[in-house]
Amino acid sequence: MTSHLSQTKPAATVASREEISWQQEMKQAIRSSGGLCEFLKIPPAAIDVEENDFPVFVPRSFAARMNPGDPADPLLLQVIAQAQESLPIDGYEKDPNGEATAVLAAGVLRKYSSRALMITSGACAVHCRYCFRRHYPYSDSPSGLEQWRHSLEAIAQDTNIEEVILSGGDPLVMSDQSIGQLLSALADISHVKHVRFHTRTPVIIASRITPTLLLYLKSTRLKVWFVIHSNHANELDGEVLTSLAKLQQIGIPVLNQAVLLRRVNDSEDALYGLCKRLIDAQITPYYLHQLDEVAGAAHFYVSPDRGRELIAAIRKRLPGYAVPRYVKEIAGEQSKTVLA
Ligand SMILES: *Cc1c(COP(=O)(O)O)cnc(C)c1O
Ligand code: SF4
């Protein structure tokens, strides 16, 4: 991931992206705030950009869904590095969820009953500035069948675990072949019934849902669930929804989790728009997460009172199944805590 390919390419050339594989999309991602501003024809002075130790990483097909010339675009604000990230803010920490204390084995978190979360890959298809994993020691986490041996052994020994959540980073940054191997290793553990993918990749790079991946997902004995991560309706264009429909067509339930983010989706219309776009595609809005108070993300903060107000407002306009549970992660609790 060292190439800095033509960051000056105009948005128009993205039209030919059907021919680009998802791996190529990763290689050609925009890797600087300056590159993003150039791509969107935004004068850099319009945003107080400043790079820091969490590098910018944005595939062009995602950037192409942003409004050119708009420094307040809700997709752009999620991914552009700004000077305010470097301000130290009281209460914002590097490991806000105390994950370092929930480790079952290297690369496996076991916080909640019957579920284990496997960190399958340190990489993601996009870098989200609000991410609570931005300071996670990914280099310590295994990514490859040999390195997963300890995680798989730990899961095999704990017969309480019925569901394995593949997270990261993002599990869909792994090759189809690695995913196939991991699924078959998990299917060999008799008490594991469900495998859940927590992934933002199909929302960022639609072509990630490949025929080979679909074949692996279809042929495992495990019940497969997908929880995608989208925060705004503008992320969900026709191409993304068409890819997600391929999962639905083979019987995989697709749910969404979002994070409540200031200036991105903290309005009734933005939140309603997201949930409406999701249910129109038969995707269930599962969780709306209260922001994790991670160092560098304070500018995304929305108060729980405001969050409850927004949930109450959209509840008046949507069917019950379209209203996500508004939750917060509190270290040491036995489940996520429901705020509304
Ligand atoms: C959120 C989370 C889960 C899944 O919780 P659900 O409420 O079942 O979606 C599992 N393990 C960890 C470590 C988590 O953070
Ligand atoms: S895709 Fe998910 S894990 Fe990766 S940076 Fe974004 S929020 Fe974090």
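## Close-up views of the sheet and its helices

**View 1. Strands E3 and E4 side by side.** Alanine 116 has valine 164 in E4 as its bridge partner, and strand E3 (residues 115–121) pairs with strand E4 (residues 163–168) in the parallel sense over 6 bridges; two strands pair if DSSP finds at least two bridges between them. Helices (H or I, at least four residues) and strands (E, at least two) are DSSP runs, numbered from the N terminus. This is a predicted model, in which local features need pLDDT of at least 70 and side-chain atom pairs count only at pLDDT 80 or more, while totals for chains, interfaces and linings use all residues. Residues are numbered from 1 along each chain as its sequence is written, chains are lettered from A and ligands numbered from 1 in the order in which they are written, and side-chain values use heavy atoms, with hydrogens and water left out.

View 2. In strand E8 (residues 284–289), 5 of the 6 residues are buried, that is, under 20% relative accessible area with a 1.4 Å probe and protein chains only. Strand E7 (residues 254–259) pairs with E8 in the parallel sense over 5 bridges, and glutamine 257 has tyrosine 287 in E8 as its bridge partner. E8 is also joined by 3 bridges to strand E9 (residues 325–328), again running parallel, and here histidine 289 has valine 327 in E9 as its bridge partner.

**View 3. Helices H5 and H6.** The axes of helix H5 (residues 145–157) and helix H6 (residues 176–187), which are lines fitted to C-alpha atoms over the stretch in contact, with angles from 0 to 180 degrees between N-to-C directions, come within 11 Å and cross at roughly 25°. That makes H5 roughly parallel to H6, a term for angles under 35 degrees. Leu145, Trp148, Leu152 and Ile155 in H5 meet Ser178, Gln181, Leu182, Ala185 and Leu186 in H6, where contact means heavy atoms within 4.5 Å.

**View 4. Helices H10 and H11.** The axes of H10 and H11 lie 9 Å apart, and the two helices pack at an angle of about 55°. Glu268, Leu271, Tyr272 and Cys275 of H10 make the contact with Leu310, Ala313 and Ile314 of H11.

How values were computed: Buried means under 20% relative accessible area, exposed over 50%, partly exposed in between (1.4 Å probe, protein chains only). Angles under 35 degrees count as roughly parallel, over 145 as roughly antiparallel, 65 to 115 as roughly perpendicular and the rest as oblique.
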